[in-house]
Amino acid sequence: MPNYCEISDALIIYELSAKDITTFKGGGIIEKTIFPKTEEALFKYAGEADFILGRGSNLIISDGLKKITALSLKMLNKVSCFKDEIYTQAGATAKNLLDVALKNSLTGFEFLHRIPGSVGGLIKMNAGAFGQQISDTLTCCSVLNDGVVKEVKPNFGYRTSDLSGIAISAKFKLKRSKSEDIANRIKSNCLKRVSTQPSNPSCGSVFKNPPFASAGKIIEESGFKGFRIGGAEVSDKHCNFIINKGGATADDFLQIVDKIEKTVYYKYGIRLEREFKLLD
Ligand SMILES: Cc1cc2nc3c(=O)[nH]c(=O)nc-3n(C[C@H](O)[C@H](O)[C@H](O)COP(=O)(O)OP(=O)(O)OC[C@H]3O[C@@H](n4cnc5c(N)ncnc54)[C@H](O)[C@@H]3O)c2cc1C
């Protein structure tokens, strides 16, 4: 059971488990996590942080106690809209962004539907789907690095960015569209996701798609559909998802990842690149 300590400008939780802070719902424990309540408090505690925790939706925390301090921006989650621009703190969720965009008839965030990340994580990972990605609309990002705040526009690649330091807030420029059209695109994306992706706990796609190929198909063709170690299993709905069937450890997950990597390389000569982040 984690211990809490609430002070005027932050909440501090000791021994937070991956079961509670990652979407995979299995793995290790972080000794200390600080949740600043204001940006001033974020500046105050940033120096203590060994790791920046988003919503844990692309994250595996290796088993055991991690003697580290994590910083979570969960309480810094304000989102506002002015004309066609959305300003947001980095702890806001993808859902928060999409709701504001929809309410203001702005298009560009439809792909965020059902992505369980925070703005900081979306930018760090350059999250995307259905031909849209977060870098398409980002105009600038306020980043704290070594005690200095700078406005930057990171360089982006496929599910990657060179963001370094702590993303505090971000500004996006979107385009006007009819609310009805936006809602229809969200619905269509939602149907595609529900019909092709598992609903069990996972960290999303495990591997990036190699150029002109689908990681899921390659993994399926390598014979891993339904492959299980402990509580972790390769989804039979989409083989690029490793799901937690109950009680999975990070080690169960990582053993499957290792087996897939070796088999795919042996069979096809392809080195699959990991998409998830590992906190080891
Ligand atoms: C069911 C499911 C579906 C998904 N679908 C998609 C999809 O369609 N497309 C897609 O791209 N991804 C998808 N994902 C993966 C994931 O949601 C995204 O990568 C998301 O952007 C991760 O955000 P997070 O806040 O959870 O980050 P975390 O997983 O907590 O962290 C990821 C990385 O971001 C860093 N980070 C987090 N916040 C900050 C910050 N404020 N400043 C600096 N660094 C920070 C962390 O240190 C870490 O390195 C899916 C995941 C799940 C579980």
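User: Let's start at the ligand. Which residue has a polar backbone atom 3.2 Å from an oxygen atom of the ligand?

Analyst: That's glycine 121: one of its polar backbone atoms is 3.2 Å from a ligand oxygen. A polar contact is a pair of N or O atoms within 3.5 Å; within protein, one must be able to donate a hydrogen and the other to accept it, and residues adjacent in sequence count only if both atoms are side-chain atoms. Arginine 55 also has a polar backbone atom 2.8 Å from an oxygen of the ligand, and a backbone N or O atom of asparagine 58 lies 2.8 Å from a ligand oxygen.

User: How much of the ligand does the protein bury?

Analyst: Taken alone, the ligand exposes 980 Å², and the protein buries 92% of that. Accessible areas come from the Shrake-Rupley method with a 1.4 Å probe, and for residues only the protein chains shown count as cover.

User: Before we go on, what sort of model is this?

Analyst: It's a predicted model, where local features need pLDDT of at least 70 and side-chain atom pairs count only at pLDDT 80 or more, while totals for chains, interfaces and linings use all residues. Residues are numbered from 1 along each chain as its sequence is written, and side-chain values use heavy atoms, with hydrogens and water left out.

User: Okay, back to the ligand. Which residues come nearest to it?

Analyst: For being near, the rule is that one heavy atom of the residue lies within 4 Å of the molecule or strand. Here 33 residues are around the ligand, and Ile52, Ser57, Ser118, Gly128 and Arg193 come nearest. By class, that shell has 15 nonpolar, 13 polar and five charged residues. Ala, Val, Leu, Ile, Met, Phe, Trp, Tyr, Cys and Pro count as nonpolar, Asp, Glu, Lys and Arg as charged, and the others, Gly among them, as polar.

User: Which element gives the most residues to the shell around the ligand?

Analyst: Helix 4 does, with five residues. The elements giving two or more are strand 4 (51-53), helix 4 (119-125), strand 10 (128-129) and strand 16 (166-173). Helices (H or I, at least four residues) and strands (E, at least two) are DSSP runs, numbered from the N terminus.

User: And which domains does the chain have?

Analyst: The assignment gives domain 1 (3-72), domain 2 (79-195) and domain 3 (215-279); such bounds come from an automatic or database domain assignment. Domain 1 and domain 2 each give at least three residues to the ligand's shell. The centres of domain 2 and domain 3, taken over C-alpha atoms, are 28 Å apart.

User: How many aromatic pairs does the whole structure have?

Analyst: Four. Rings of Phe, Tyr and Trp (its six-membered ring) pair if their centres lie within 6.5 Å; planes under 30 degrees apart count as stacked, over 60 as edge-to-face and the rest as tilted. One of the pairs is phenylalanine 224 with phenylalanine 227, edge-to-face at 5.3 Å centre to centre and 85 degrees between the planes. Phenylalanine 224 is buried at 5% relative accessibility, while phenylalanine 227 is partly exposed at 26%. Buried means under 20% relative accessible area, exposed over 50%, and partly exposed in between (1.4 Å probe, protein chains only).

Phenylalanine 253 and phenylalanine 276 are edge-to-face too, at 5.0 Å centre to centre and 90 degrees between the planes. Phenylalanine 253 sits in helix 7 (residues 250-268) and phenylalanine 276 in the loop between helix 7 and strand 21 (277-279), so this pair ties together parts 23 residues apart in sequence. Phenylalanine 253 is buried at 0%, and phenylalanine 276 is buried at 5%. Ring pairs link Phe24, Phe253 and Phe276 into a cluster.

User: Which side chain does threonine 107 join in a polar contact?

Analyst: Arginine 185's, at 3.2 Å. Threonine 107 itself is in strand 9 (residues 106-107) and is buried, with a relative accessible area of 17%.

User: Last one: where does lysine 25 lie, and what is its phi?

Analyst: Lysine 25 is in the loop between helix 1 (18-21) and strand 3 (29-36). Its phi is near 60 degrees, a positive value in a residue other than glycine, and lysine 25 is partly exposed at 45%. Arginine 114 has a positive phi as well, near 75 degrees. Arginine 114 is in the loop between strand 9 and helix 4, and counts as exposed at 54%.
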